[in-house]
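I opened the model to look up a few things about its chains. My notes follow in the order in which I took them.

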Amino acid sequence: MMSSTSLDNLHVGQAPATATSERPTAIQVEDLHKSFHIPTHRVDSLKERVVHPFAGREYRELHALDGVSFEIKQGEFFGIVGRNGSGKSTLLKLLASIYRADSGRIRIAGRLAPFIELGVGFNQELTARENVLLNGVMMGLTPKEVRERQDSVIDFAELHDFADLKLKNFSSGMLVRLAFSVMLEADADVLLIDEVLAVGDASFQQKCADAFHQMKTEGKTIVLVTHEMASVEAYCHRAMLLADGQIQYIGDPAEAGREYLKLNFEAGVEEAPGEQGESRGVRMLDSRLENAGGEKVNAFELGEMLRLRVDLELFREVPTLNVGFLIANADGVGMFQFGIIVGPEDGDLRAGGRVNVDAEIQNPLATGRYFIHCGVQADNGVSIYVQNALSFVVFGTQHTQGVISPEFEIKADVEGGEA
Amino acid sequence: MSADTTALELQEVKGPSALGGGPRRFFDLLWLISVTEFKRVYFGTVLGYLWSLIRPLMLFGVLLFVFTHVLRAASTEVEHYPVMLLMGVVLYTFFQEATTNAVTSVVAQEGVVRKTQFPRLVIPAATVVTSFFNLVLNLVIVLAFVLAFGVTPAWTWFLFPVAVAFLFIGATGVAMALSALYVSFRDTAIIWIVLSQMLLYLTPILYPITIFKEEETLQHLLMFNPLAVIFEQVRVWVLHEPNAPTAVQAAGGWLGLLPAAVIFVGVCCFGAWFFNRAAPRIAEAL
């Protein structure tokens, strides 16, 4: 990096490579549209086409990408995130020349190597060496260039002893390693990568991570499509969030990650079905979770306050009513409980009366899905227990270990030592 | 690296196509895939190459029996009937193998088509080239037969590659059309098996074209088939029999060759046009 940067300065007089905005553009996308025609009745034989010449002309149109424009600078590590069906794979396939755009323009500087899936185009019947050659040429190298690199590819994949073994005898881990090595050796100017970071065993993963860092410092342009926010934050300079074929956010990767998680959980979680108890003199009318702003939600950011509201209806008069809640994680393990005893001092507990419970909880829970069970009980036999009355999700950009994630302050002092 | 990346210019990405990535990459890939596929068949099984030889040889054996013992009429007027038959069967096997394998080729390579950047035309073209390698090997056997039957070598043998070239181009044209058609219409495979079988009987392979010399119109009509023209000319060039008419004579003059020429060019152009049109959308249609 150092040497090439000084070269830039000498010859072109450019700003240091870290100022990405002043670098030349590597990928430029302007107003890209792509839709798919999904036939309502698929005609897939000539016979049918002849018998029913006009059948199957009807189709549903699916807009996968709807006016997407962005620019990626040379040397940038760019992340694309989005939920399933947001159009990110379509975008990648358009960039990779696998699909053709309906309208709009894509311009790319230099050679591009797409890795939509590791190891496609591998032929099971051929040896590792032959596959390296084939895949290398598919990625745009000349056969001569590939032959020169063949050994280093196989060495990087740690497959030296298996170079002349047919691929069908390889384990899946070996396959993935081989594919990844081919990709790294392709030496393209722009790399398109679709969720392939989590491959191989731990030591190979470290090798991959090192390789990514090296590509980063070599100033290669990399576009990464993934679900894994951790890798977006770890590697990317900038990230883009796609939703329904449009750009929702573009910029800081951490912010893109947060937006992505919000999008994911706000729309995605359906409430787990609760059993509404009506027997034994009391009924649960309504139960809901709200955020601090009073909106009904079922996804909370790490540490965000929870507000629980439950409405009960009494069918019988009771002296006191004991209302308790248990929050359990997805494994059914209780996290903590809380409750209240409603007595005469709060009002008369007559038949037909209503009890509204309103709780505010400082949420110490780690990320994950949780369920709230609710129990109501009185001395004279009035009782219900509603299992999974509510469920909610706690999300955050960092994956936390353990079941709780309380707020904490931590500091360290360093003393002494020799200069 | 970044020193020279600064010099890179933005270039428009037009999406997938039949020849995407330039002719250099196309031919590199075509050669590599054809050779590896051929090697796979050749070295992959115990009998390897024998299998690809056995098929035309068995067909040859059966036909030879039928036409020399059962239906003698066809074979009596040809000097070297077995050689003519073997030559015809080997050449036709190439055409049939290349086109039949091509039909399903693009769909069979679904993974590659849907997930990599790949000049689409390589796939059907590679099946033709692989079959061509087989043909070259089989022709060695044919040569042995030709010499064993006492056909004397002549300068016209050098024209034989011209006929093979035409056959190759024709097979590529048909392969392009069929492989693209199969993406949307899966019964193309069945239809083509029937059609190619019909084509075998409509080509003067089992019988000499002169069998119809009493019915000139029928003979001229048969010469509408471009394959008939190629096979007839091969018989003249290689076996140089005195009573075998050239394609021109069989068709009743140069004008009689016009329909065959039109069909040949038409099929090739249609194949190229149709494949080229379908290529950008193949990944989506699968």
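Predicted model: local features only at pLDDT ≥ 70, side-chain atom pairs only at ≥ 80, totals over all residues.

I picked A:A239 and looked up its bridge partner, which is A:G251 in β9(A). β8(A) and β9(A) form a hairpin, and two residues lie between them. In the turn I found A:D244, with a positive phi of about 50°.

Entry two, where the chains meet. I looked up the contacts and got 46 residues of chain A against 39 residues of chain B. Among the elements of chain A that give two or more residues to this side are α1 (2–11), β1 (25–39) and β4 (103–109). I sorted the side of chain A that touches chain B by class: 22 residues are nonpolar, twelve are polar and twelve are charged. I then followed β4(A) across to chain B, where three bridges join it to strand β1 (residues 10–12), and the two run antiparallel. In this pairing A:R107 stands opposite B:E12.

Is B:M87 buried or exposed? I first placed B:M87 in helix α5 (residues 81–108) of chain B. B:M87 has 24 C-beta neighbours inside 10 Å, so I wrote it down as buried; the cut-off is 20 or more. Leaving out residues up to four places away in sequence, I found that B:M87 touches B:V142, B:V234 and B:V238. I also checked B:I141, which is 54 residues from B:M87 in sequence and 9.6 Å from it in space, C-alpha to C-alpha.

Technical notes. Residues numbered from 1 in each chain as written. Chains lettered and ligands numbered in written order. Contact = placed C-beta atoms within 7 Å. Helix = DSSP H or I, 4+ residues; strand = E, 2+ residues; numbered from the N terminus. Nonpolar A, V, L, I, M, F, W, Y, C, P; charged D, E, K, R; others polar. Pairing = 2+ DSSP bridges. Buried ≥ 20, exposed ≤ 12 C-beta atoms within 10 Å, placed from the backbone.
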